[in-house]
Amino acid sequence: PDAWLKRPANIARIVRVWARGKTRNAGLCPPRGGPERTELFEGLGISHVADMDRVRAEFACPPQRKGAIVREIFLEDVRCLGSSF
């Protein structure tokens, strides 16, 4: 299955497409399915920024506490994995 990658012509085509950039390659990709985020949330009757505001409020803390919170989260993750320090 990987034989096609060993052919220089195929690699050259891949590099050419990558070098063209995202905007010039946009025509090669199929259109995205479904509505945009804003339309989706409006259709559901939800504010499209409500979830971002909720997350921002949850993680809001004074600057001097940010390092301590990061350490607490890290240590909690380590405890969940069963490692000990």
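What follows is a short walk through the fold, the surface and a few residues of a predicted model. Residues are numbered from 1 along each chain as its sequence is written, and side-chain values use heavy atoms, with hydrogens and water left out. Because this is a predicted model, local features need pLDDT of at least 70 and side-chain atom pairs count only at pLDDT 80 or more, while totals for chains, interfaces and linings use all residues.

The protein chain holds four helices and zero strands, where helices (H or I, at least four residues) and strands (E, at least two) are DSSP runs numbered from the N terminus. Read from the N terminus, the order is simply α-α-α-α. Of the 85 residues, 6% count as buried; buried here means under 20% relative accessible area, exposed means over 50%, and partly exposed is what sits in between (1.4 Å probe, protein chains only). The chain exposes about 7,800 Å², with carbon and sulfur atoms supplying 62% of that. Accessible areas come from the Shrake-Rupley method with a 1.4 Å probe, and for residues only the protein chains shown count as cover.

Helix H1 covers residues 8-20. Within H1 sits Asn10, which is buried because its relative accessible area is 13%. The side chains of Asn10 and Arg13 are joined by a polar contact of 3.0 Å. Such a contact is a pair of N or O atoms within 3.5 Å; within protein, one must be able to donate a hydrogen and the other to accept it, and residues adjacent in sequence count only if both atoms are side-chain atoms.

Just past H1, Gly21 takes a positive phi of about 95 degrees. The backbone oxygen of Gly21 is also reached, at 3.0 Å, by the side chain of Asn25. Asn25 belongs to the loop between H1 and helix H2 (37-44) and counts as buried because its relative accessible area is 11%. Leaving out residues up to four places away in sequence, Asn25 touches Val17, Trp18 and Arg20, contact meaning heavy atoms within 4.5 Å.

Over in helix H2 is Phe41, buried because its relative accessible area comes to 17%. With neighbours within four places in sequence set aside, Phe41 is in contact with Ile46, Ser47, His48 and Asp51.

Leu5, in the segment before H1, counts as partly exposed because its relative accessibility is 40%.
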